[in-house]
Amino acid sequence: MEFRFMQIQHIMSTRVVTVELDDRLEVIKKIFDASKFHHVLVVEESRLFGVVSDRDLFKALSPYIDSTTETARDVATLNKRVHQVMSRKPITLRPEAPISEAIELFLDHQISCLPVVDKDFKPVGILSWRDILKWIKATQMPPATSA
């Protein structure tokens with residue numbers, strides 16, 4: 001199917017990890033350390049409020065965490081709250097939005113993911129530009145040939 005008409009619900013990840021506004025950054029660090037996720041969605045009463053990327057976490061934590069030179073001050077950065085570092089009011093899409101709309105949003109804004117929400121603004125998925133590239137490779141490109 002042509003990408004202009006394909007809906008993002010067919011290629012988005014439905015494995016969504018969420019945290020709450022007052023969770024500590026230590027919670028997010030554990031999630032990123034244990035998984036291949038690059039984004040967690042921030043919710044309050046199941047509604048989306050923000051996004052924290054692995055880059056956001058990297059900027060917020062001391063670079064000496066988990067090193068031999070780690071100090072109590074470095075460890076204290078893990079006690080910051082999610083709401084202090086999250087991106088607020090994220091750009092979102094509904095599951096039935098076409099992939100072409102997602103591509104436009106990725107190109108027009110400096111974002112690396114699009115939370116997918118239902119009519120009540122509850123997260124139902126997440127879409128990254130990598131998801132789009134994987135779908136294009138799988139459906140729009142001829143198989144690579146060996147030389």
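## Ser 53 and the basis of the report

Ser 53 lies in strand E3; helices (H or I, at least four residues) and strands (E, at least two) are DSSP runs, numbered from the N terminus. At 6% relative accessibility, Ser 53 counts as buried, the term meaning under 20% relative accessible area, with exposed over 50% and partly exposed in between (1.4 Å probe, protein chains only). Not counting residues up to four places away in sequence, Ser 53 touches Phe 32, His 38 and His 39, contact being defined as heavy atoms within 4.5 Å.

The model is predicted: local features need pLDDT of at least 70 and side-chain atom pairs count only at pLDDT 80 or more, whereas totals for chains, interfaces and linings use all residues. Residues are numbered from 1 along each chain as its sequence is written, and side-chain values use heavy atoms, with hydrogens and water left out.

## Overall organisation

The protein chain has six helices and six strands, which follow the pattern β-α-β-β-α-α-α-β-α-β-β-α along the sequence. Its C-alpha atoms fill a box of roughly 55 × 50 × 25 Å, taken along the principal axes. Of the 147 residues, 38% are buried. Among contacts with a separation of 6 or more, 60% are between residues 24 or more positions apart.

## The four-stranded sheet

An open sheet of mixed pairing contains four strands in the order E1-E2-E3-E4; two strands pair if DSSP finds at least two bridges between them. Its edges are strand E1 (18-20) and strand E4 (87-88), each of which pairs on one side only. Strand E3 (residues 47-53) and E4 run antiparallel and are joined by two bridges; Val 51 has Ser 87 in E4 as its bridge partner.

Helix H1 (residues 25-34) lies across E1, strand E2 (39-44) and E3, running at about 140 degrees to E2. Axes are lines fitted to C-alpha atoms, for helices over the stretch in contact, and angles run from 0 to 180 degrees between N-to-C directions.

## Nonpolar cores

A nonpolar core is a set of buried Ala, Val, Leu, Ile, Met, Phe, Trp, Tyr and Cys residues joined through side-chain atoms within 4.5 Å. In the largest, of 18 residues, those touching the most other members are Val 19, Leu 25, Ile 28, Val 40, Val 42, Val 52 and Val 82. Two or more residues each come from H1, E2, helix H2 (54-60) and helix H4 (82-85), and H1 gives the largest share, four residues. Apart from this core lies another, of 15 residues, among them Met 12, Ala 102, Leu 105 and Leu 114.

## The E5-E6 hairpin

E5 and E6 form a hairpin with five residues between them, and Phe 121 in the turn has a positive phi of about 65 degrees. The two strands pair in the antiparallel sense over five bridges, with Leu 114 opposite Leu 127 in E6.

Five of the five residues of strand E5 (residues 113-117) are buried, so this strand is largely enclosed by the rest of the structure. Cys 113, Pro 115 and Val 117 lie on one side, and Leu 114 and Val 116 on the other.

## Helix H6

In H6, Asp 131, Ile 132 and Trp 135 are buried. These residues cover an arc of only 95 degrees around the axis, which puts them on the same side of H6; the arc is that of the directions from the helix axis to the C-beta atoms. Helix H5 (99-108) and strand E6 (123-128) are included in what covers the buried residues of H6. The face turned away from the buried side of H6 carries the exposed residues Lys 134 and Lys 137.
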